[in-house]
Amino acid sequence: MQDIIDRHAVKAMKDKEKFINNVLLSMNESNAERSEKVKAEIEKLKKRNAELDQMYIRLYEDYSSGKLSELERQHKAKSAVVTNAEQFTESLAQCAGMKKLTATVLNTLIEKIEVHNPVMVNGVKEQKLTVYYKFVGQID
């Protein structure tokens, strides 16, 4: 860094007027470059502002037409499904590794069990059970 300063000092002492003119010219070029950058940034911001205006208009139209309410309802329904799945997973984790099926396990995991009428299949009586788990319902 010091060598750069020394070079500039030598140039300034050699021809002070020329050095000052070069500095001023360099400053003017820098100001012009900055001015162009500022103009470009202003144009970019104006364009983004117009995009945001259009987004607000579409959002208002969706809200006024009821479309937004439907999207909110769908979002809430999906959130509830996720919450139920998380609660079911936590319940399963609590019951994992148990050796016996106890009333506590049944009450923790199962909402209801449907027992269907028995049917004869190839001379063997079969009876179907449908298990509905808490939070998530029937799982195949």
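What follows is a walk through the salt bridges of this structure. The model is predicted. A search of the whole structure turns up three salt bridges.

Start in helix H2, which covers residues 16-65. Here the side chains of Glu43 and Lys46 form a salt bridge, with an N to O distance of 4.0 Å. Why can these two side chains be partners? Glu43 and Lys46 are three residues apart in helix H2, so about one helical turn separates them. Now look at their surroundings. Glu43 has a relative accessibility of 49%, which makes this residue partly exposed. Exposed means over 50%, and Lys46, with a relative accessible area of 52%, is exposed.

Stay in helix H2 for the next pair. Arg48 and Glu51 join their side chains in a salt bridge, 3.2 Å from N to O. The spacing is again three residues within helix H2, so Arg48 and Glu51 lie about one helical turn apart. How accessible is each partner? Arg48 is partly exposed, at 41% relative accessibility. Glu51 is partly exposed too, with a relative accessible area of 37%.

Technical notes: Residues numbered from 1 in each chain as written. Predicted model: local features only at pLDDT ≥ 70, side-chain atom pairs only at ≥ 80, totals over all residues. Heavy atoms only, no water. Helix = DSSP H or I, 4+ residues; strand = E, 2+ residues; numbered from the N terminus. Buried < 20%, exposed > 50% of the residue type's maximum accessible area, 1.4 Å probe, protein only.
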